[in-house]
Amino acid sequence: MKKIVAILVFVLAFTANSNAQDQAVKTVALEQTKGEFTQKNLTISEGSYIFEIANNHSGVDVGFVLIEKGKDASNPENHIKTAYVTKVVAEGKTEQSNVTTLEKGEYVYFCPLNKTPQYTLTVE
């Protein structure tokens, strides 16, 4: 009986580990220069992401805002707050967001501090 329980525990642990690897958090690296992101539009698969934002001579501190496409970007209630960088990104620095899980659909990203246009992020 102990042998059966040990085998079941091993199989369950292996299955949980395999599922965890399938659900790994990926990083989306974005760079901002003066008034714009260098990556204009993105297409990614659904899943969990950390957004890594680099400030490359933008002339100001930068941030990152992500919203569902079609929602009012000026209303902070519509922002996906986990996608905010955890610290404002100073000149020459890189900062990250918290883990953000995205489902299929279209999103918009921009930086209100650097006054960038809004760019499309498509999740397939």
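Glu36 forms a salt bridge with Lys40, with 2.8 Å between the closest N and O atoms. A salt bridge here is a side-chain nitrogen of Lys or Arg within 4 Å of a carboxyl oxygen of Asp or Glu. The model is predicted: local features need pLDDT of at least 70 and side-chain atom pairs count only at pLDDT 80 or more, while totals for chains, interfaces and linings use all residues. Residues are numbered from 1 along each chain as its sequence is written, and side-chain values use heavy atoms, with hydrogens and water left out.

## Salt bridges

The structure holds three salt bridges. Accessibility classes are as follows: buried is under 20% relative accessible area, exposed is over 50%, and partly exposed lies in between (1.4 Å probe, protein chains only).

| Pair | N to O distance |
|---|---|
| Glu36 and Lys40 | 2.8 Å |
| Glu68 and Lys71 | 3.8 Å |
| Glu106 and Lys69 | 3.8 Å |

The pair of Glu106 and Lys69 links distant parts of the chain, 37 residues apart. Glu106 sits in strand β8, and Lys69 in the loop between β5 and β6 (94-96). Strands are DSSP runs of E, at least two residues long, numbered from the N terminus.

Glu36 is partly exposed at 32% relative accessibility. Lys40 is partly exposed at 34%. Glu68 has 39% and is partly exposed. Lys71 is partly exposed at 40%. Glu106 is partly exposed at 42%. Lys69 is partly exposed, also with 42%.

## The four-stranded sheet

An open sheet of four strands runs in the order β3-β9-β8-β5, with mixed pairing. Two strands pair if DSSP finds at least two bridges between them. The edge strands are β3 (42-44) and β5 (65-68), each pairing on one side only. On average, neighbouring strands of this sheet are turned by 25° against each other, direction ignored. The axes behind that angle are lines fitted to C-alpha atoms; angles run from 0 to 180 degrees between N-to-C directions.

Take the pairings in sheet order. β3 and β9 (residues 119-123) are parallel, over three bridges. Thr43 stands opposite Thr122 in β9. β8 and β9 run antiparallel and are joined by five bridges. Tyr109 stands opposite Tyr119 in β9. β5 and β8 are antiparallel, over four bridges. Val65 has Phe110 in β8 as its bridge partner.

## Nonpolar cores

A nonpolar core is a set of buried Ala, Val, Leu, Ile, Met, Phe, Trp, Tyr and Cys residues joined through side-chain atoms within 4.5 Å. The largest has 22 residues, of which Phe51, Phe64 and Leu102 touch the most other members. Strands β1 (26-33), β3, β4 (47-55), β8 (105-110) and β9 each supply at least two residues of this core. A second, separate core has five residues, including Val65, Ile67, Ala73 and Phe110.

Contact means heavy atoms within 4.5 Å. Leaving out residues up to four places away in sequence, Phe51 touches residues including Val28, Leu30, Phe64, Leu66, Leu102 and Leu121. Glu95, Gln96, Ser97 and Thr100 are also among them.

## A buried asparagine

Asn55 is found in strand β4. Asn55 counts as buried because its relative accessibility is 3%. A polar contact is a pair of N or O atoms within 3.5 Å; within protein, one must be able to donate a hydrogen and the other to accept it, and residues adjacent in sequence count only if both atoms are side-chain atoms. A polar atom of the Asn55 side chain lies 3.0 Å from the backbone oxygen of Val89. The Asn55 side chain also reaches the backbone oxygen of Ala90, at 3.5 Å.
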